[in-house]
Amino acid sequence: MDERARLKEMREQALNAVRSQKLENSPLYIACQSCGAPAEFDIIHQNYHCQHCGAHTDVNTTLDFVKHWREQQRHRLQQTAAQQDLQAEIVSRANCGAEVVLPAGEVTAKCDFCGGKLVRKEFNQQEYFPEIIIPFYITPQEARAQLDKWLAENKDTKEAQIISQHCKKLAAYYLPYQVVQGSVSCQVFRDGSHRKYRCAGYVENVAVNASKQMDNSVLNAMEPFDWTKAQPFAYGFIAGQRAKLQDLGPKALEQRTLEEIQEAYLPTIEKTLQTDGLDVHSHLQGDSWSLSALLPAYVWQGQGLKLAINGQTGRVAVKVKKQIKTRPWYIEPALYTALGTAAFYALLLGFKVEEPEILAGILGAFLAIVFCSVFGNSTRQRLKNKYLQSEAVKAERAQGDKLVLQKVEAVETLVPQFVEKIKGQDQFVKLSFYSSSRLTKQMALFAGLNLLPVALAWLFGAVMNAKVEYSTIAAWWCISVPVTLVWFVKFSRLTIFDFPIMHIIQPNGSLGNIISAPFEKDVVQLIGMGFKWLWRGMLAFAILIAFMAVV
């Protein structure tokens, strides 16, 4: 073996050793099969891509490793349980169903989750224990200091005042989670649109709380966790600590997982579809998997409030009693009514029509009825949970074990990609709905129809050498302005979302061909013959009004 080959082999052995060590410590580390560097999931190619060497790692390789790691971890725990005298007890609460592991000899009579009395029993159910754990990094004193800092910054809020008065002690718990990875498929329905959108994504290290008693939204607000600090579970981690056991069933846990993924996907979907009036239905694909975990938190519940502090970073999260309502549906029709009425009033003033206020008021009432009917039938108000939280931080220890918190920028890791079936095959696409040509055509149509009798009257007047009485055209505007406004709102603001402009995403990530049928052609086909006869009738009426203005 020559020197170059020997060095290459040594390098491969070193990389494999590093990769094996990282994988042994945490199955959440996805390593490149070629060089051992961290690999990221590539949604376009549906595999893991190494930023270091460019190699690809198949998803099934990761699934096989997780299965093998899980078997080894369970074997290690069984050996540990047989060798050690585990001085711990389980206490349960019949009212809320919570089961908690307490250190041996600890005296407690109150449930931190419902306030009821706890009943002790022997600890003999090791299947409840997790596969990975993130140890506590923030001490109780440091957690209290972070809470006091948050209370000072939010002293004007009602929630901070209540917590300051009633929260005397924080309870430290290892809480049960499932850490989920895998492919997700979603169906999205937009208010006011008949189209069913589809999107897909890949979720990594989504921590889903597996406790019935804990509020999932407030625990989400105290995230993220640093998954590089995750360790294979060992009983020594919970020595002297309280640990909450998993009590959420498989179906309820899957539902909570999907709800959490949908919530994470919503910002991207809302931005793309330009509304918060959405219904998202998602499901996990066959390549998904999860690991049981214990994650550290300091919790307090009381006075209708729920408080959680991240035991690894010190981030504070408080759930507020009041829920946030999505934007009221009537704002948009009110805005269109006001703009349409104002434009019509300005038009009447420009042509010196008598009593423009009355005509504009009549039109405004008509528009309000039409727009409220259009938007009210297709828009529903939704409720969202409201919570207060401190900034996302990373905790480190300086000299002398002093806690140092560094602010971290939020990184959007859960981003779905829209999918459309094109020529019989699913393609990843970037969606848009407005283009310069679409807007130009719609604005030209709006202006052209309303000013058509003016142009015809001027032409007739020039041919007949007669004076034009433009005030006569007001009768036309009483019909044309409402019709064109309804057209503009209904088909340019709502129906346009049934006909997206799709850019195909190429394998290298660049945007390829645009796939989009002509919007006007699709709308005409949608409406049918009624559309043609409507505009024919409008044209005939425009000619009649123009002729009357000259005569």
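Which residues does Asp 215 touch, not counting residues up to four places away in sequence?

Reply: Asp 215 touches Lys 306 and Lys 319 (contact means heavy atoms within 4.5 Å), leaving out residues up to four places away in sequence. This is a predicted model, in which local features need pLDDT of at least 70 and side-chain atom pairs count only at pLDDT 80 or more, while totals for chains, interfaces and linings use all residues. Residues are numbered from 1 along each chain as its sequence is written, and side-chain values use heavy atoms, with hydrogens and water left out.

Asp 215 sits in the loop between strand S9 (196-209) and helix H5 (216-221); helices (H or I, at least four residues) and strands (E, at least two) are DSSP runs, numbered from the N terminus. Its relative accessibility is 13%, so Asp 215 counts as buried (under 20% relative accessible area; exposed is over 50% and partly exposed in between, with a 1.4 Å probe and protein chains only). The side chains of Asp 215 and Lys 319 make a polar contact at 2.7 Å (a pair of N or O atoms within 3.5 Å; within protein, one must be able to donate a hydrogen and the other to accept it, and residues adjacent in sequence count only if both atoms are side-chain atoms).

Another buried residue is Ile 133, at 0% relative accessibility; Ile 133 belongs to strand S7 (residues 132-133). Beyond its neighbours within four places in sequence, its contacts include Tyr 174, Lys 229, Phe 233 and Leu 294. Ser 292 lies 159 residues from Ile 133 along the chain, yet their C-alpha atoms are 8.6 Å apart.

Next, the nonpolar cores. The largest has 29 residues, and Phe 344, Phe 371, Ala 457, Ile 473, Trp 476 and Trp 477 touch the most other members (a core is a set of buried Ala, Val, Leu, Ile, Met, Phe, Trp, Tyr and Cys residues joined through side-chain atoms within 4.5 Å). Helices giving two or more residues to this core include H7 (331-350) and H8 (356-376). Another core, of 28 residues, lies apart from it, with Leu 170 and Leu 388 among its members.

Finally, helix H7. Its buried residues include Tyr 336, Gly 340 and Phe 344. After H7 comes Lys 352, with a positive phi near 55 degrees.
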